[in-house]
Amino acid sequence: MVTHSNPSNTIEEVPAWWKEAVFYQIYPSSFADSNSDGIGDLPGILSKLDYLKELGIDALWISPIYPSPKDDNGYDISNYQDVDPAYGSLADFQKLSAGLRERGLRLILDQVLNHSSDEHPWFQESRSSRDNAKRDWYLWEDAKGFDANGKPIRPNNWKCAFEGSTWTWDESTQQFYLHLFSPKQPDLNWKNPEVRKALYEVLNFWAAQGVDGFRLDVINMIAKAEGYPDAPRPEGNTDPFVSLNCLSCNNPPLHDYLKEMYQAVFANRDLYAVGETWCLDSKNTLDFTGYDAKELHGAFYFYFHWAPTGKEQFENFYTLYQATHQKSWLTVTLGNHDSRRIISKFGDPENYRHASATLLATWLLTLPATPFLFQGEELGLTDMTFDRIEDYRDIQTVNRYRTAREQGLSDREALASVQEDSRDNSRTPIPWDDGSQAGFTDGKPWIPVAEVHRSHHAAGALKDPKSIFHGYRELLALRKKVKSLIYGSFEPLADPTQVIAYRRGAWREHPEVLIALNWSSEPQPWPFAVKPSDVVLYQNYEEAFQESMRPWEVCVMQSVN
């Protein structure tokens, strides 16, 4: 049950650009290809800046653009201070940066500081011998012993995020190295001050290139559980390796590292730091994001990606808000490059595509939090499926398919088991027009264009004033104009059911706003009366309001007494 007590508003929230900004995440491989090699690139992004400006977003978050073998599609970095040739060059980056500044847009880059690629020179040195000066830049452990066949026994039972063990044996130096993700993504040793210094230099290098901040990949996994204890085995689990879950997160001395990083990079600079932070909630977020913590400005809360109903979404957010109001600033996101398409997860694309897509946008854009959108959400792109495993590119999907086959499933059964949650649902090319490759490239795309997306291309959406794109555009403009939607107090108007309703309090000269969302495919009673004198700021049905709220109906209004 949601309580209706509203946190005190005696202290006004201090404005900041990153509180007001709406971020738009770009997965560069899949956004726009400028040179017909089938891979999206920085000049491709530059060519679409006017589209993004018309949409109304304020800042970009671009997934990794650095040199990489692409084992995890860029999250395995082999050089932190350059641009992968597939994406362009540092000169292309400077042109993109200038194009953003010309349009009043900001930029944060993805940085992966938990691990590097095994092809990074640091790791190449580290694995060359036990006596190398960079040996201690990564996490090496002796075998616990050797089995009857002479095979080394791993230090513990940890299962990596992409299947298999987190430990890989290095034959030449006779030790295991740790990788929470792929064997080609060895974890860096944050206990080593030289490692930390080198990583802070990476952030400062890109800050000097003009970026406005960073999204810090799995940043609360950089400190490992002391002694590498076995992960608790769930009852009935007989797998050789066990998922770490929260054992991989929030271990001491994590906060010491983050405070040191803040001082080395972010203190006294107008940069934004947002963390990909698993196992974070209302009980511990202030340790990371509190204004007095001086660690991160924001963090991602992943239960928003999994809460299936509006009621659960609301309760999760309101609990966070009560715990953090005037003590830190929240973020809100429903999807990204690692998850399914949000309209397929939370909406009803078959029956109410426009209404459910614009309801989800309204939810994201009317909360006291920094919203993060993912490319294609403004087009209402849905999940997709490929009929062959050969068309999938995501390492997690492919490895899970292989595991399923090893467990005896048929090709069709194994494929079905990975399709719904495949990260490739969100990674297929953006459809820009009705061309043979949907305007993404003139070549062969690195991953096939999703057939289900072809009819929802951007060119058509721009021309259609009733499109989902223009619904997003209208909501983004409203958030800029009515800043009580950013800084005003947040208060439920009724206990959440299929309908959620809340008030955003007046802020300075900006009015109080009431919001009602019917998060369902059935008509529902109105949570409040709409008077003829009320000013409707946004609605997602053309026809006048009816006696009941229609499926996925939205009402954003200024109440006038």
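## Around glutamine 524

Which residues does glutamine 524 touch, not counting residues up to four places away in sequence? In this predicted model, the partners of glutamine 524 are Gln498, Val499, Asn518, Ser548 and Met549.

Here is where to look for it: glutamine 524 sits in the loop between strand 16 (513–518) and strand 17 (535–539). With a relative accessible area of 14%, glutamine 524 is buried, because buried means under 20%. Its side chain also makes a polar contact, at 3.3 Å, with the side chain of serine 520. For a sense of scale, the C-alpha atoms of glutamine 524 and serine 417 are separated by 35 Å, and these two residues are 107 apart along the chain.

## The disulfide

Now for the cysteines. The whole structure holds 1 disulfide, and it joins cysteine 246 to cysteine 279, with an S to S distance of 1.9 Å. The link is left-handed, with -95 degrees about the S-S bond.

This pair connects distant parts of the chain, 33 residues apart. Cysteine 246 lies in the loop between strand 9 (242–243) and helix 7 (254–266), while cysteine 279 lies in the loop between strand 10 (272–275) and helix 8 (285–289). Cysteine 246 is partly exposed at 44% relative accessible area, and cysteine 279 is partly exposed at 28%.

Cysteine 160 is buried, at 4% relative accessibility.

Cysteine 249 is in no disulfide either, and its nearest cysteine sulfur, in cysteine 279, is 4.0 Å away. Cysteine 249 counts as buried, at 4% relative accessibility.

Terms used: Residues numbered from 1 in each chain as written. Predicted model: local features only at pLDDT ≥ 70, side-chain atom pairs only at ≥ 80, totals over all residues. Heavy atoms only, no water. Helix = DSSP H or I, 4+ residues; strand = E, 2+ residues; numbered from the N terminus. Buried < 20%, exposed > 50% of the residue type's maximum accessible area, 1.4 Å probe, protein only. Contact = heavy atoms within 4.5 Å. Polar contact = N/O pair within 3.5 Å; in protein donor to acceptor, adjacent residues only side chain to side chain. Disulfide = S-S within 2.5 Å.
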